Amino acid sequence: MSGDHGRKVASMFGRIAAWYDFLNHFLSLGLDILWRGRLVERMNLPGAKPCRVLDLAAGTLDVSLEIAGRHPGAFVAAADFCLPMLAKGRTKLERPGRIAPVQADGRALPFRDESFEAASIAFGIRNIIPRAEAYAELFRVLKPGGRLCILEFGSGRQPILGGLYRLYLNRLLPLVGRVFSRDAGAYRYLADTIMAFPDADGLAGELARAGFARVEWEKMALGIVVVHVAVKD
Ligand SMILES: C[S@@+](CC[C@H](N)C(=O)[O-])C[C@H]1O[C@@H](n2cnc3c(N)ncnc32)[C@H](O)[C@@H]1O
């Protein structure tokens, strides 16, 4: 069941890879750039000191690039199971670089236990079913004291701007997605998964149950997006 879901998700991102970056910036009015920046700030990486970071669901590598750009000592494993997304991201890399794209499923990571000082996942965890398998893998590959930072949409069920946000999600988003990427289904899927996603408290509970400690979160843009920070003690 979840393998089938994974194949559908990978194929959907493969179809929209060419338009992904443009539509991200367009649909969020450029705010997605600030949100990823905040995610990376919350990772508290040591400036120039060497460290290994996992960017899961790395997509077209925007978070990986942000990490490498801000932290000259960071080596980033950019893992994603969708090759066209990674290929699109690769075009933004300088060579030789400190970002290594790796095709991998977040539910079965090809890395040794305790390999990373920190891990990020931006707009990715919503797509993984069951999420608990990804949490378990992220927990396994983090070193003790390692930080997991998750950037994700908040639950679309919360009333934001008197219901305007819900209208945007369910009506405008699929329409704009269809016009540009010719794939209304992908942007319908985006709206549906945001509507079904747990609220910040619910996600924090999931992380605590997965073994993470000191779970906290920060809402941005009226709660449209949330950064969760959790530590493997
Ligand atoms: C919305 S994009 C986010 C990309 C990037 N992190 C960003 O901030 O733009 C979601 C990504 O998650 C990836 N993804 C979804 N499920 C995954 C899984 N089980 N394992 C690895 N990657 C997955 C998709 O292929 C896609 O590239």
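**View 1. A polar contact joins the side chains of arginine 126 and threonine 193.** The two side chains come to 2.8 Å; a polar contact is a pair of N or O atoms within 3.5 Å, where within protein one must be able to donate a hydrogen and the other to accept it, and residues adjacent in sequence count only if both atoms are side-chain atoms. This is a predicted model, in which local features need pLDDT of at least 70 and side-chain atom pairs count only at pLDDT 80 or more, while totals for chains, interfaces and linings use all residues. Residues are numbered from 1 along each chain as its sequence is written, and side-chain values use heavy atoms, leaving out hydrogens and water.

**View 2. Arginine 126 sits in a loop.** The loop runs between β4 (116-122) and α5 (131-141). Helices (H or I, at least four residues) and strands (E, at least two) are DSSP runs, numbered from the N terminus. Arginine 126 has a relative accessible area of 7%, so it is buried. Buried means under 20% relative accessible area, exposed over 50%, and partly exposed in between (1.4 Å probe, protein chains only). Beyond its neighbours within four places in sequence, arginine 126 is in contact (heavy atoms within 4.5 Å) with Glu152, Phe153, Leu190, Thr193, Ile194 and Phe197.

View 3. Most peptide bonds are trans. Proline 130 is in the loop between β4 and α5.

**View 4. Asparagine 44 has a positive phi.** The angle is about 50°, although the residue is not a glycine. Most residues other than glycine have a negative phi. Asparagine 44 lies between α2 (31-42) and β1 (51-56), in a loop. Its relative accessibility is 55%, so asparagine 44 counts as exposed.

**View 5. Glutamate 114 also has a positive phi.** Here phi is about 55°, and the residue is not a glycine. Glutamate 114 lies in the loop between β3 (99-103) and β4. With 42% relative accessibility, glutamate 114 counts as partly exposed.

**View 6. The setting is a protein chain with eight helices and seven strands.** Of its 233 residues, 53% are buried. Along the principal axes, the C-alpha trace spans about 45 × 40 × 35 Å. Among contacts in the protein chain with a separation of 6 or more, 69% come from residues 24 or more positions apart.
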